[in-house]
Structures are given as structure tokens and as C-alpha cells.
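Please look over the chain shown here before reading the notes that follow. They are written as a briefing for a student who is new to reading protein structures.

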Amino acid sequence: SVPLEFVYDGNKHILAGGSLLHYPSISTPQAQSLGLLLYTDGVDLQFDPQGFPSGAAGHGFILYFDCLSSDSTALSTGWYEMGTLNLPKTITWGSVNPVVNGNMDLWFDCKSASFEVLYENGQYTITGEGLDEADFGFTFSYQGPLDWHQE
């Protein structure tokens, strides 16, 4: 089994859960836009009236990646890399989002990011790494289900 952790600038945080966010308005038949959102212990996601994640309370981190997938409901198994190609398994944007007493106004864009996805029987195993705009490195690993939401 894989540790549920986000290591940022040498500090280890426990990953508590995650979601996939489908954006049909910016998807194409070849590449479905899916956001991968992972959050650490201490973060409580908040939802708008339609049930879409819209904010967070508490204290911790949110790791977020805009991804392209061939499937609108799942990240397909494979290696995802940051790039500009409009093809499945591309990460188009990423951020590290500290949540401090419910304040999410600060985030750090990722300069680079990549991760591997294994998807089997509704369970994900995701391991990856990246570098944020301040040159802080991070690694993460998550195993479990991801909630699915559509914009």
C-alpha cells in the first residue's frame, strides 16, 4: 500500500481525501477536462448549492491539477506530465494551495508536475512530484477513491 502523504519543502502532511472535478464546458471529444484535487488532514471542503467544491475551511493544504483525460468520469491509468499539448494525460496547470484558518487567498503555481495514475475497481493509486513557483519541491502519494463532481 502507498502512504497517504504530501511532502512539501521537507514537511510531511497526511492526505485525507480527494475529488475529480469535470468541466464539460472546456472539454473536447478527444480530451475531457478533469481537475484532480487532493487535500490534507485539517481541511474541510465546502460546496456550493449544486454540490460542487467551492472553498475550504480549516488548516492544511490543497493540491490541485487541471488534467486532460480520455474519460469524463475517471483519470485513466498512465503517466501524466505538465505540458501544452491538448491531449489526454497532460497536466495543463497545477497549484499548491495553503489553507490557513479557512483562508485560501494564497496559492503557488506549479512550474513542473508529473504523476502516475493506477485506476482499478474504483480505487486510485497516484504518486507524483513537482516544483512550485518559489522552487519548493513536493512529492505526494494517494490511494483510495476520489469523489466525482461536475461543474
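Val-2, placed in the segment before strand 1, touches Thr-125, Thr-127, Ser-141, Tyr-142 and Gln-143, leaving aside residues up to four places away in sequence, where a contact means heavy atoms within 4.5 Å. The C-alpha atoms of Val-2 and Thr-127 are separated by 8.5 Å, although the two residues are 125 residues apart along the chain. This is a predicted model, in which local features need pLDDT of at least 70 and side-chain atom pairs count only at pLDDT 80 or more, while totals for chains, interfaces and linings use all residues. Residues are numbered from 1 along each chain as its sequence is written, and side-chain values use heavy atoms, with hydrogens and water left out.

**Overall build**

- The chain has zero helices and 12 strands, where helices (H or I, at least four residues) and strands (E, at least two) are DSSP runs numbered from the N terminus.
- The radius of gyration of the chain is 14 Å, close to the 15 Å that the globule rule gives for 151 residues, so the chain is as compact as a globular protein of that length; the radius is taken over C-alpha atoms, and the rule is 2.2 Å times the number of residues to the power 0.38.
- Taken along the principal axes, the box filled by the C-alpha atoms is roughly 40 × 35 × 30 Å.
- Of the 151 residues in the chain, 47% are buried, a word that stands for under 20% relative accessible area, with exposed for over 50% and partly exposed for what lies in between (1.4 Å probe, protein chains only).
- Among the contacts in the chain with a separation of 6 or more, 56% are between residues 24 or more positions apart.

**Nonpolar cores**

- A nonpolar core is a set of buried Ala, Val, Leu, Ile, Met, Phe, Trp, Tyr and Cys residues joined through side-chain atoms within 4.5 Å, and in the largest one, with 27 residues, Phe-6, Leu-36, Phe-65, Leu-75, Phe-115, Phe-138 and Phe-140 touch the most other members.
- Among the elements that give two or more residues to this core are strand 1 (5–8), strand 2 (11–22), strand 3 (32–40) and strand 6 (60–69), while strand 9 gives the most, with five residues.
- Leu-75 touches, among others, Leu-20, Leu-34, Leu-36, Cys-67, Phe-115 and Tyr-124, not counting residues up to four places away in sequence.
- A second, separate core of 11 residues includes Leu-37, Phe-52, Ala-56 and Ile-62.

**Aromatic rings**

- The structure holds 13 aromatic pairs, counted when rings of Phe, Tyr and Trp (its six-membered ring) have their centres within 6.5 Å, with planes under 30 degrees apart called stacked, over 60 edge-to-face and the rest tilted.
- The rings of Phe-6 and Tyr-8 are stacked, because their centres are 5.6 Å apart and their planes are at 15°; Phe-6 counts as buried at 1% relative accessibility, and Tyr-8 also counts as buried, at 8%.
- Ring pairs link a cluster that includes Phe-6, Tyr-8, Phe-61, Phe-65 and Tyr-80.

**Salt bridges**

- Side chains of opposite charge can pair when their charged atoms come close.
- Two salt bridges are found in the whole structure, each being a side-chain nitrogen of Lys or Arg within 4 Å of a carboxyl oxygen of Asp or Glu.
- In one of them Glu-5 meets Lys-12 (3.6 Å, N to O), and Lys-12 is exposed, with a relative accessible area of 58%.
- Asp-135 meets Lys-111 in a salt bridge (2.5 Å, N to O); Asp-135 lies in the loop between strand 10 (123–132) and strand 11 (137–144) and Lys-111 in strand 9 (residues 108–120), so the pair ties together parts that are 24 residues apart in sequence.
- Asp-135 is partly exposed at 48% relative accessible area, and Lys-111 counts as partly exposed at 47%.

**Loop residues with positive phi**

- Lys-89, in the loop between strand 7 (78–82) and strand 8, has a phi near 70°, a positive value in a residue other than glycine, and counts as partly exposed at 32% relative accessibility.
- Asn-101, in the loop between strand 8 and strand 9, has a positive phi near 50° and is exposed, with a relative accessible area of 69%.
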